[in-house]
Amino acid sequence: MNNSSKEDRAKPVVYQVFTRLFGNTNTTNKPWGTLDENGVGKFSDFTKLALGEIKDLGVSHVWYTGVPHHDVITDYTEYGISNDDPDVVKGRAGSPYAVKDYYTVNPDLADDPANRLAEFEALIQRTHDSGLGVIIDIVPNHVARNYHSLAKPKSVSDFGENDDVSVEYARNNNFYYAVGQDFIVPAAENGYRPLGGEAHPLADGQFKESPAKWTGNGSRKAQPNANDWYETVKVNYGVKPDGSYDFATLPAGYANKSIAEHAKFWAQKRVPDSWIKFRDITQYWLAKGVDGFRYDMAEMVPVEFWSYLNSQIKQVNPDAFLLAEVYDPTKYRDYINLGKMDYLYDKVGFYDSLKGVMQGTEPASVITKAQHQVADIEQHMLHFLENHDEQRIASPEFAGSSEKGKPAMVVSALISRSPTLLYFGQEVGEDGSENMGFGSASRTTIFDYAGVPAHQRWMNHGQFDGALLTPDEKALRAYYRRVLNISAGQSAMNGQYADLHQVNLEQHSSERSEYDETLYSFSRFSDAQKMLIASNFSDDNKHFTLVVPKHLITQWSLPDGQYAMQDLLSGQKLNIVVENQEGHVSMMLGSLQSVVLSLVES
């Protein structure tokens, strides 16, 4: 990665793109449509111009979702790739989390499928040339039911290739087996038919697998349920069927030990075969220039494996960006301190709380509570408002309007030292309303070929100038750009946090002030910069005087007097009046408006 501006950056901003959707200009959007009917985006769509516009948002890393070769229904047999069975593939374009070959990339994404790996390597180079880092997915918990690598090095054996299939479990087996039972395709529910019922030579309700393997989400049945992750099989990390471990565990005190000490510990131990396979995979991609990984469902894999894997990665690239999908708050600190993760999703606490505030079902105080719960690890907790798993803000099922995301984005991006994730199309108000086949609307499809309408208007047939956007969409993107660049570039973002919400609720409870639980306020400050941030989550105008308590004014070393503060979002100036070592800022916030006030140095 080009790190020329690294020292000037406050904190990371990750732009997640669903790679096969990003550059697609086709607007047909036929449910269950083929690649030819609905189109597909390519690596080559990420031009120098496109990457420059992404970087202009304040972005430091691009997470290219869906790059490793996963199951697809499109026929690539002329390139030596076997056809995939619709009975165990979700959607026509396939789930990016059912990886079929970890040593190459999705042929859909290449202009020339025979040259697909070289085309991705060229994209890595273009991304680096644009000053951006490259993140790809690693899915350690499960692989596609028909995993078979055509591209692996000769020294590497395939997952399951050397397994003893006569037993349910063996330490060095890559999979678990339902011995003596053949796999049975799940019974369909709610009228589901693969490919929407279209005839296909492999769509016969059969998939040969003998003996049956455990399913990715842990189902041990030969016939998983339709709601199980039936397109995948669970990887064995040396965890016995009774849950006990068949590998060394980290001794007490290793939460405080260095990467090098973790690597040294594992160098002296024999580890299960699956550990070695994923070490080899990640080292392969690091050697290609990939700068980091997003780990799918990391909490379903033992933390000791992460200590082993991540210490190996960091020995090669100390700056590698390691992001884990972990939803259990009781595991956060172990996966950071023992597993050596850089960042975890802050979903169950922060995102879920903020979503409730956006929907008007929760008071803003829940934000303070969520932030307090991770105060000791806040710099490791990635913030987001959308990703491929979550509903689009503009969908009726979430907030019904992209404007509702504006105050939330200010709070999410600026409240802590955590990195920020932006999902492509979020910045132009994409609503996820297309029902493309597998799954339901409100989340932009990750299973089928599709065009993404608002994003396509920004893309403008490869011009990436937003010329086709509506005025509201243009304004929204400009807003996101301002917020994210504050997050990425202002020194206070690496400083301290102080909650202002509770003191203002208490101060105004007996007054005729309009400060209430639809507002949220806090401070971010460093020696070099002092900020006050206030956001209005309601549709109503709010007049109030923001109170800045004495302890904060003391920390800021502000004598009594009047000082100018500039709103970094609008450019307007407001005054903070300090009297008896307490600050007051009179303001009016319009519907869904925020201010990011920075003290003007005299």
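The model is predicted, so local features need pLDDT of at least 70, side-chain atom pairs count only at pLDDT 80 or more, and totals for chains, interfaces and linings use all residues. Residues are numbered from 1 along each chain as its sequence is written, and side-chain values use heavy atoms, with hydrogens and water left out.

Let's start with the two residues. Helices here are DSSP runs of H or I with at least four residues, strands are runs of E with at least two, and both are numbered from the N terminus.

| Residue | Location | Relative accessibility |
|---|---|---|
| N236 | loop between β9 (232-234) and α5 (259-267) | 0% |
| D273 | helix α6 (residues 273-287) | 22% |

Buried means under 20% relative accessible area, exposed over 50%, and partly exposed in between, using a 1.4 Å probe and protein chains only. So N236 is buried, while D273 is partly exposed.

Contact means heavy atoms within 4.5 Å. Leaving out residues up to four places away in sequence, N236 touches Y169, A170, R171, N173, N174, F175, Y176 and S274.

Now for the helices. The axes (lines fitted to C-alpha atoms over the stretch in contact, with angles from 0 to 180 degrees between N-to-C directions) of α11 (residues 405-414) and α13 (residues 471-489) come within 9 Å and cross at roughly 15°. That makes the two roughly parallel, a label for angles under 35 degrees. On the α11 side, the contact includes M409 and V410; on the α13 side, Y479 and V483 are among the residues involved.

Conventions: Parallel < 35°, antiparallel > 145°, perpendicular 65-115°, else oblique.
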